[in-house]
Every structure is written in C-alpha cells, then in structure tokens.
Amino acid sequence: MHRYFFTTKDTFINSGSNSITGEDFKDKNTGQDEILELKKVFFDRTFSYQTRVLLQFDTDEIESYISSSVLPNDYKLNLRLYETEGTSGLSEEYTIAAYPLSQEWDEGVGKELDVPKTTDGCSWLYRKNKNNSEISWTTPGGTYIAGDEVSQSFSVESPDLNMDITTLANKWFGGVNTNYGMLVRLSGSRETSSGSFENLKFFSRQTNTIYSPKIELKWDDHLPATGSNTGSLTTLDVSGNSENYLYPIHLREAYKENETIKFRFGARKRYIQKSFTTSVQTVSGSFIPHGKGAYSIIDMATNESVVPFSAYTTMSCDTTSNYFKQDLDSFEPNRAYKILIKVNHDDGQEIIYDNDFEFILRT
C-alpha cells in the first residue's frame, strides 16, 4: 500500500545577488511561492550563486500512522518532489542530497517576484526574521547534520525526486534528531562547480495541483494467493495461450476521502467453451496466481500515477476474489481516478487491464 503525507512548510533560500542591480538575495524570503528552485546561477558563463530547498513534515502524524497501522519493519519512506519543466537545461548526470536540519525556521510570507523583496521569514542568512528581528543560522545556508545525508543520483532520466529518506526519518521517530525539517541541495562540490548546469524547479505546497511535495510511505500488505486463501477459486490461466477477462466487484462510482477501501477484482477466461448438459451451469471464478498480479491508480486528469506499479502493489487474494486495500485519505478530492491491473504471463507478456475501472473521490 501507498500512503502520502504533505509538507507543513517549504521554501527555497538564495545565496546570491542580482548581477545587474547588485540587490542582495541572502535575506530574501520565498515561503509563499508556488515554485521551489534548486539551481546554480551563472553570469558571463561563470558560476555566481546557488539555491537550496527547505521542507518540513509532521513526523508525529507519520509515526502515529505507522504505529497504529502495525506496519512491517521494512516499510519505506520516500521524498517526492515534482519538477515543473522537464529535463531542459539539466546536466545528464547529477546527484541531489538531503539532510536533517538542526535549527528551527519560519516559512515566511514572501514570493520570488516580490518587489521590493520580502525579508519576513527564513533566508540564506536568517532562520527567522520578523519585523527586522533577525535570528541567524549558525551556518549560513541552513544548519544541517552532514553525517545523516541521503541522496539520489540521476542519469538522463526524469528530474522528479523520488529519494529514499527512511534512515533520516527513523532518526526523527527514534528521538535521535529533533524534527526541524530537511534541507535539499546539489551534492558536494557540484553545488558550486562551473562544469555542470542544474536548474530545477519543483512545485511547492502552494501549488494548486496534485504535485505538492510529499513523503510517500509504502509497504507490502498483500496476502498470498496460495493454499486456503483461495478457497474454491480456480487458478487463472496465465500461460499466455488464453485470453482472460478481469472485472471489478462492487466498484462504486464515488468514495469519501477518509475511507480505506478493499477493491475487489474477479477473473475468468474471456471465452467459455460451450457444451450441452441437462444441469444448471455457472461460471466459476478464478484468481490471478501469486505474484502475477499488481495494481496501480492514476489521476485521470493528468494521467499521472498516484500509486505506481511496484513491489508494494501486489494483489492479495481470499476465498472471494483477488483484491487490494487503499487508504484514500491522502488522495486529492473531487477528482476522477482509474485503477489499472497488470497481469504477468508465463511467456513474458505483461497485460494491463483498464476497462473503465474508475471512481471519483468526494470530500
């Protein structure tokens, strides 16, 4: 299953100045901007300055959910940031690192295009600044714990961030580090080098889209389609020699955002061989063999995967049918979603079924 948790505050901080006017950006706040900029700026082909991103999540909420849901110890937590402009202007290979911050900070009220600039809130120099009452970072650019670095490397691929931060988050849960949020930056000396060109723009929590920054909690909760779990169901033929038919069972048109739903799917051969008999015939249900079925959920307006196919989306089975459970609480309401079911066949085929398995999420 996948469950999402959204930022409680975010911003980006700037270490430079305007190359034309000389205006200093080191005390500038952008806490209400719709974009989080992670970039290096050049002037006359020479490196000028860099920016960094700050994020904070409610770890009490995440830890409480993990505890109350009795999750397995091998759950994963990933930081998800979504880039607004694709790969244009990026180097082919680069690494982004994240660190736990060690000091409290204020999100602030500024935007990147404010004229004059807004200084209320955190910036490169100050973690708090209200009515010119300034509290500096111990180290300009955000004071962080360098030894608890996590990172993600990129090589000619989507610039969307999908970084495993499990070890970092577990130190918050265990009280090793206090949750002051995290700092995201280009890794190591690359942050200030002249040999690469990174200009990333991620959606912030102020965006009115499905792309807000989030932590993705994922774990494997499936029950295997083996033994007594399958009851009297027959095994679906996945040799690749038969055409199969999958269908939803009691799929509703709409659900509430605070529901956890067990989505059921039946399976059978598409074509049933005719025979003559004097008894009443029924079409017996089948189940997708263990490890052969997986699910995904996409947002229909954007065609983006809200829950992607992964090792954490294996279909479960009981004596009624195959199924999966999904907590809808972190889905955007008043949107339409579609369920995809993937079946892996023995001959190497992967067939995805998407026959109008759709629902709307209401508030």
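**Cavities, a core and a buried aspartate**

A search of this whole predicted model turns up 2 cavities of 30 Å³ or more.

Q: What makes the space of about 190 Å³ a cavity rather than a pocket?
A: A cavity is a place where a 1.4 Å probe fits but cannot get out, whereas a pocket is open. Of its 16 lining residues, Tyr82, Ile210, Lys214, Ser305 and Val306 are the closest to the centre. Strand E19 gives the largest share of that lining, 3 residues.

Q: Why is Asp299 called buried?
A: Buried takes a relative accessible area under 20%. Asp299 has 0%, so it qualifies. Asp299 sits in strand E18 (residues 293-299).

Q: How do you know that the side chains of Asp299 and Thr302 make a polar contact?
A: The cut-off for such a pair of N or O atoms is 3.5 Å. The two side chains come to 3.0 Å, so the pair is within the limit. A polar atom of the Asp299 side chain also lies 3.2 Å from the backbone nitrogen of Ala301.

Q: Why can Leu55 be part of a nonpolar core?
A: Core members are buried residues from a set that includes Leu, joined through side-chain atoms within 4.5 Å. Leu55 is one of the residues with the most contacts inside the largest core, which has 37 residues, so Leu55 meets those terms. Among the residues Leu55 touches are Leu36, Leu79, Trp105 and Met182.

Conventions:
Residues numbered from 1 in each chain as written. Predicted model: local features only at pLDDT ≥ 70, side-chain atom pairs only at ≥ 80, totals over all residues. Heavy atoms only, no water. Helix = DSSP H or I, 4+ residues; strand = E, 2+ residues; numbered from the N terminus. Buried < 20%, exposed > 50% of the residue type's maximum accessible area, 1.4 Å probe, protein only. Polar contact = N/O pair within 3.5 Å; in protein donor to acceptor, adjacent residues only side chain to side chain. Contact = heavy atoms within 4.5 Å. 1 Å grid on protein atoms, 1.4 Å probe; cavity = no way out; pocket = protein on both sides within 12 Å on 5 of 7 lines; lining within 4 Å. Points joined across faces, edges and corners; volume = space filled by probe spheres on them. Lists of a residue's contacts leave out its neighbours within four places in sequence.
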